[in-house]
Amino acid sequence: MSLVLVVEDNYLNLKLFHDLLVTQDHEVITSDGRDVICIVEAQHPDIVLMDIQLNGISGIELIKELKARPDTSHIPIIAITSFAMKNDKIKIIESGCDLYLSKPVSINQFFDALYKFIKPAHDCKHFSC
Ligand code: MN
C-alpha cells in the first residue's frame with residue numbers, strides 16, 4: 001500500500017486527485033501548501049504530487065527544500081502545474097522534481113506518471129486492465 005501526499009490549493013483539483021487515488025486503493029494525505037515539509041518528515045509518503053501555484057508559497061520552493069533535505073530527498077515528486085510558459089517549465093524541471101505534468105492531466109497520464117514511481121496497489125482494478 002502506497003502513501004501519496006497531494007499538495008494542491010484548489011479544492012476541486014485536490015478532491016479529484018484524492019478520489020482517483022482512493023479508487024486505486026492508495027492511502028492519501030493532502031495539504032493546501034501549508035506545513036508540507038513537516039507533513040513529509042512526519043508521514044514519509046512514498047510519493048508527492050505537487051501543485052506549483054499555491055496560496056502564498058511556490059511549489060518550486062517546496063520541491064527544492066524537500067530535495068535538499070537528506071531525509072526527504074529520495075521521495076519522488078511529480079510537479080503538476082498549469083504554467084504554460086517555457087521559462088516556468090525550465091524552472092520547475094530545475095527545481096529537482098522527478099517528473100512534470102501540465103494541467104489538464106488526463107486519468108491515463110496521471111496513473112502512467114504515478115506508476116513510474118510507485119507500484120499499483122493491485123493488478124486488476126487498474127483502469128487500463
Ligand atoms: Mn494551485
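What you see is a predicted model, where local features need pLDDT of at least 70, side-chain atom pairs count only at pLDDT 80 or more, and totals for chains, interfaces and linings use all residues. Residues are numbered from 1 along each chain as its sequence is written, and side-chain values use heavy atoms, with hydrogens and water left out.

**The metal site**

Let's start with the manganese ion. Asp 9 (OD), Asp 51 (OD) and Gln 53 (O) coordinate it at 2.0 to 2.2 Å. Donors here are N, O and S atoms within 2.8 Å of the metal (3.2 Å for Na, K and Ca), and sites may look incomplete because water is not among the atoms. Along the chain, the donors of the manganese ion are spaced as D-x41-D-x1-Q. Asp 9 sits in the loop between strand E1 (3-7) and helix H1 (11-23), while Gln 53 is in the loop between strand E3 (47-51) and helix H3 (59-68), so this pair ties together parts that are 44 residues apart in sequence. Helices (H or I, at least four residues) and strands (E, at least two) are DSSP runs, numbered from the N terminus.

How open are these residues? Asp 9 is partly exposed, at 33% relative accessible area, and Gln 53 is partly exposed too, at 40%. Asp 51, on the other hand, is buried at 3%. Buried means under 20% relative accessible area, exposed means over 50%, and partly exposed is in between (1.4 Å probe, protein chains only).

**The salt bridges**

Side chains of opposite charge can pair when their charged atoms come close. This structure holds 8 salt bridges, each a side-chain nitrogen of Lys or Arg within 4 Å of a carboxyl oxygen of Asp or Glu. Here are some of them:

| Pair | N to O distance |
|---|---|
| Lys 15 and Asp 19 | 2.6 Å |
| Asp 51 and Lys 103 | 3.2 Å |
| Asp 88 and Lys 91 | 3.7 Å |

Asp 51 lies in strand E3 and Lys 103 in the loop between strand E5 (99-102) and helix H5 (107-114), so their bridge ties together parts that are 52 residues apart in sequence. Lys 103 is partly exposed at 24%. Glu 8 joins in as well, linked with Asp 51 and Lys 103 in a network of salt bridges.

Lys 15 and Asp 19 both belong to helix H1, 4 residues apart, or about one turn of the helix. In helix H4 (residues 86-94), Asp 88 and Lys 91 are 3 residues apart, again about one helical turn. Asp 88 is buried at 17%, whereas Lys 91 is partly exposed at 45%.
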